[in-house]
Amino acid sequence: MYLVTGATGIIGRPLVEALLAEGVEVRAVSRAPGAVLPAGVEGVAPEAIGVAMKGVRGLFVHPRAAKDGTEELLRLAADQGVPKVVVMSAINVDDAPEHQPSRFNGDRNTEVERAVTGGDLPWVVVRPSSFAMNTLAMWRGQLAFGDIVRGPYAGFAEAVIHERDVAEVIVRALLDDTLLGRTIPITGPEALTPQEMVPIIGTAIGRPLRFQEVPADMAAQAMIRNGLDERFVRALMARYERETKRPPTVTHEVDKILGRRARTFATWAADHRGAWS
Ligand SMILES: NC(=O)c1ccc[n+]([C@@H]2O[C@H](COP(=O)([O-])OP(=O)(O)OC[C@H]3O[C@@H](n4cnc5c(N)ncnc54)[C@H](OP(=O)(O)O)[C@@H]3O)[C@@H](O)[C@H]2O)c1
């Protein structure tokens with residue numbers, strides 16, 4: 001039995017599916033009483049987690065779902081003799097707090113990771129790069145108006161990762177003891193700029209999409225007008241600015257752990273071709 005927190009989210013859903021594909025049983029934590037879960041998965045309300053730890057062979061700590069409750073979650077796991085914890089954080093988790101844009105939206109990846117590595121239970125840390133899924137949030141709205149995606153920093157390249165690769169690495173961390181004690185930064189297979197990514201999405205959805213760079217300040221103003229937190233937007237722009245000047249990180253850990261190449265952005269785009277309209 002494996003207990004998954006954050007089970008209805010971007011990583012949680014493919015994680016639950018990948019665990020089921022391994023033939024193991026899953027309990028899925030969700031705040032939503034009516035959360036739709038795959039057949040055979042036991043839904044668990046957050047207040048019932050203590051009881052749900054019984055018989056669990058591995059706990060997945062999702063940083064957004066666990067957040068301030070991480071130490072309590074670990075205590076409940078220890079009380080029931082759970083032998084292993086896998087925590088997801090992020091590849092930028094060692095950066096200064098002001099250099100982690102998601103902190104301005106409330107994420108606490110550093111603290112959640114530290115609670116797990118500083119605790120008594122054997123652990124694995126998985127630190128993903130930016131999710132390929134972010135491109136949907138960033139660009140889908142613009143595609144309703146035409147084939148041009150406008151944004152800042154055309155030269156900023158990063159190796160975004162497919163959520164199913166994140167999920168499958170977490171599965172290996174939960175099921176295999178060989179990864180115990182490791183902190184694993186995982187990325188997609190190659191760094192791509194928005195100028196390269198947008199046409200790849202175009203190929204997947206059959207449209208001649210292209211990226212057009214706009215000044216960072218103009219892009220930032222538009223994002224703030226659209227409701228994003230100003231401190232988040234400023235931190236994001238600063239990150240692009242900083243990271244455009246240094247080589248992008250590509251780790252190839254997904255290949256080593258899964259024994260096959262990490263999924264490409266083209267694969268991700270094809271898998272999500274229906275999500276753009
Ligand atoms: N986006 C990226 O590029 C990226 C890259 C690396 C790391 N990360 C980190 O990964 C995490 C996000 O992962 P994700 O996209 O899988 O998360 P998500 O889909 O937004 O959330 C996962 C689940 O957690 C529950 N949840 C959400 N907000 C919550 C809250 N405030 N309190 C309690 N439960 C909450 C929800 O489940 P229920 O409603 O069913 O309870 C949700 O389905 C963040 O910590 C982020 O910093 C993100």
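Analyst: A crossing of two helices is left-handed if the near helix is turned anticlockwise from the far one by less than a right angle, and right-handed if clockwise. This is a predicted model, in which local features need pLDDT of at least 70 and side-chain atom pairs pLDDT 80 or more, while totals for chains, interfaces and linings use all residues. Residues are numbered from 1 along each chain as its sequence is written, and side-chain values use heavy atoms, without hydrogens and water.

User: What is the handedness of the crossing of α6 and α8?

Analyst: Helix α6 covers residues 134–143 and helix α8 residues 194–205; helices here are DSSP runs (H or I, at least four residues). The two pack at about 65 degrees with axes 12 Å apart, which makes α6 roughly perpendicular to α8 (65 to 115 degrees). Their crossing is right-handed.

User: Are α9 and α10 roughly parallel or roughly antiparallel?

Analyst: The axes of α9 (residues 216–225) and α10 (residues 230–244) come within 9 Å and cross at roughly 150 degrees. Angles over 145 degrees count as roughly antiparallel and those under 35 as roughly parallel. The pair is therefore roughly antiparallel.

User: At roughly what angle do the axes of α4 and α5 cross?

Analyst: Helix α4 spans residues 70–79 and helix α5 residues 109–117, and their axes come within 9 Å. The two are roughly parallel to each other, and α4 passes α5 in a right-handed crossing. The crossing angle is roughly 25 degrees.

User: Which helix gives the most residues to the shell around the ligand?

Analyst: The shell has 22 residues, the closest being T8, S30, R64, N109 and N134; a residue is near if one of its heavy atoms lies within 4 Å. By class, eight are nonpolar, eleven polar and three charged, with Gly counted as polar. Residues 63–66 supply three of the shell residues, and they form helix α3.

User: How much of the ligand's area does the protein bury?

Analyst: A polar side-chain atom of N109 lies 2.7 Å from a ligand oxygen, a polar contact (N or O atoms within 3.5 Å). A backbone N or O atom of I10 is 3.0 Å from an oxygen atom of the ligand. Taken alone the ligand exposes 920 Å², by the Shrake-Rupley method with a 1.4 Å probe. Of that area, the protein buries 79%.

Terms used
A polar contact is a pair of N or O atoms within 3.5 Å; within protein, one must be able to donate a hydrogen and the other to accept it, and residues adjacent in sequence count only if both atoms are side-chain atoms. Axes are lines fitted to C-alpha atoms, for helices over the stretch in contact, and angles run from 0 to 180 degrees between N-to-C directions.
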